[in-house]
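Dear colleague,

My notes on it follow directly after.

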Amino acid sequence: MERRVVITQGSAITPVGHTKDEIVKSLVEGISGVKELRPDDLLSDFIHCGVFGTVDYPIAYDFKRLYRKTMGPVAYYACQVAKEVLEASGLNNDFITSGRLGVAFGSTHGSPTVQRQIYKSFFSQSRSSFSSIGAVDYLKSMVHTTAVNITKMFGITGRVISSSTACTTSSQSIGFGYETIKYGMQDAMLCGGADEYDTTTVAVFDNLLACSTEFNDTPHLTPRPFDKQRDGLVVSEGAGALLLEEFEFAKKRGATILAEIIGFSCNNNGGDLILPNMDGITATIKLGLKDAEISADSVDFVSAHATGTKMGDVIEAQAMGRVYGDSPKVSGFKSYMGHTMGSCGAIETLITTYMMEEGFIAPTLNLENIDQRCAMINHTRELSESDIRIAAIQNFAFGGVNTCLIIKKI
Amino acid sequence: MTRDEITSEIIRIFRDQFEIERPGLDDDLRDAHEFDSIDAIELLREIEIMLGSELTQAEKKNAMEIRTINDILDYIELLSAARTTGNTIPN
């Protein structure tokens, strides 16, 4: 059994806004959400990178204590976008709790804020156990905390998938959710990812010389995907959720359809865990097109992973050039908000549906002088009115994990 | 500590830690206030801090039958009495 799968709702918390209007405004006006890194009394003094894609606006959470007690910051983000999606979906509680709705949601490493508290207890001088780890600390910090706090809050009883593959976490959530519906195992899936403010992740990339460090005094000018002056990625925070439904089910109930998912691929480079891999990425894109049963020239727009690292952007551009030539427009949305890690795939997919709906393509921010090694593709340099019919969203992660999602306007 | 003092402290913990305002002394905490097993574990930690003494595994397991604030007060009085004689509550 193969069924059509559509995206019917979405919500995101990003460094460039929370509502669709706020996010679109930032894209249209070229507003960056990258800010100065906040001091944290642990790592920030030792990190060379001084910038972070920051969610610095208030979010009006109204979760009952029953739910809050097992939530760390990452679960707050996840549950908020999930709540907004479910509330806007019009799905009734009988369906939500029926077992026909599942959840595919993850994060890079659960809640590092809570993990820090746990480690503090481990390494404190006190040998007394009664002032140490709380009963709920594990539930707040565990790697699938986002997915199961969502199931708890809404009484969801269907499948749970909680990928944790760093930068491909939420693109896998969407892809695996798509396959779950396509092959008849669920009728709807709530998919996405989240990551909270965390300097540990910055330290990891900083240590590998992969973070931007030259724009600490002008945060809005970095990251700079595909630009000659790019000097690395910028870690950021956020969350994104999408509701996927079986097409006939969505149509029958009169749901708004944002896009159809027509293809998904996921593979591994089969080797190094860090270095970008041309053959691996090329294969991912080709596998995505094959799954969608379309040719490369059918794709109007590509949302590139485009982190702004020295080699990652070159390899990605060249892989796109191999497959697409210079046909589809290409933009990298991390240029606006940094790398939202586990949520980037969901946020970038949602942004692509916003552009499909509103008829525009946002340019890659800070792309002033294209690196000639990245010049073989059709970079979006200016805001343009465009009717995107088919778009590809590609993401790549540490560990050599690659994904490509293909969506279509219907 | 007197029972009144223990009561005040427990009511404060319920308000500050569990956001439960003025629970009735005989309320079924689970039914009336959604106080579940995770909360019970958190409460035991607060009791350890209150008594300044760790609870044994057996003492913690005994606490899992507790349903009301009065049960909690009885439990703490038992613990307190055992500690003054240098003992723990037997199984």
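In this predicted model, the contact between the two chains draws on ten residues of chain B and ten residues of chain A. On the side of chain B that touches chain A, the largest share, six residues, is supplied by helix 3 (residues 37-51) of chain B. Sorted by class, that side of chain B holds six charged and four nonpolar residues, with no polar ones.

The remaining notes concern chain A. Its secondary structure amounts to 14 helices and 15 strands. Buried residues account for 57% of the 410 residues in chain A. Along the principal axes, the C-alpha atoms of chain A occupy a box of roughly 65 × 55 × 40 Å. Of the contacts in chain A between residues at least 6 apart in sequence, 81% link residues at least 24 apart.

Turning to the sheet, eleven strands of chain A make up an open, mixed sheet, in the order 5-4-6-7-1-8-15-14-9-10-12. Strand 5 (160-161) and strand 12 (378-379) of chain A lie at the edges with a single partner strand each, so one side of each has no neighbour in the sheet. Strand 12 of chain A runs parallel to strand 10 (residues 329-331) of chain A, and two bridges join them. In one pairing, A:Lys329 has A:Asn378 of strand 12 as its bridge partner.

Helix 7 (residues 145-154) of chain A touches strand 4 (101-106), strand 5 and strand 6 (188-195) of chain A, and its direction makes about 150 degrees with that of strand 4. Helix 11 (residues 278-292) of chain A touches strand 8 (259-268), strand 14 (390-397) and strand 15 (401-408) of chain A, and its direction makes about 145 degrees with that of strand 8.

Finally, how do helix 8 and helix 14 of chain A cross, and at roughly what angle? The axes of helix 8 (residues 169-182) and helix 14 (residues 344-358) of chain A come within 5 Å and cross at roughly 65 degrees. The two helices are therefore roughly perpendicular to each other. Helix 8 of chain A contributes A:Ser170, A:Ser171, A:Ser173 and A:Ile174 to the contact, while helix 14 of chain A contributes A:Cys344, A:Gly345, A:Ala346 and A:Thr349. By class, this contact has five polar, three nonpolar and no charged residues.

With kind regards

Terms used
Residues numbered from 1 in each chain as written. Chains lettered and ligands numbered in written order. Predicted model: local features only at pLDDT ≥ 70, side-chain atom pairs only at ≥ 80, totals over all residues. Pairing = 2+ DSSP bridges. Helix = DSSP H or I, 4+ residues; strand = E, 2+ residues; numbered from the N terminus. Contact = placed C-beta atoms within 7 Å. Axes fitted to C-alpha atoms, helices over the stretch in contact; angles between N-to-C directions. Nonpolar A, V, L, I, M, F, W, Y, C, P; charged D, E, K, R; others polar. Parallel < 35°, antiparallel > 145°, perpendicular 65-115°, else oblique. Buried ≥ 20, exposed ≤ 12 C-beta atoms within 10 Å, placed from the backbone.
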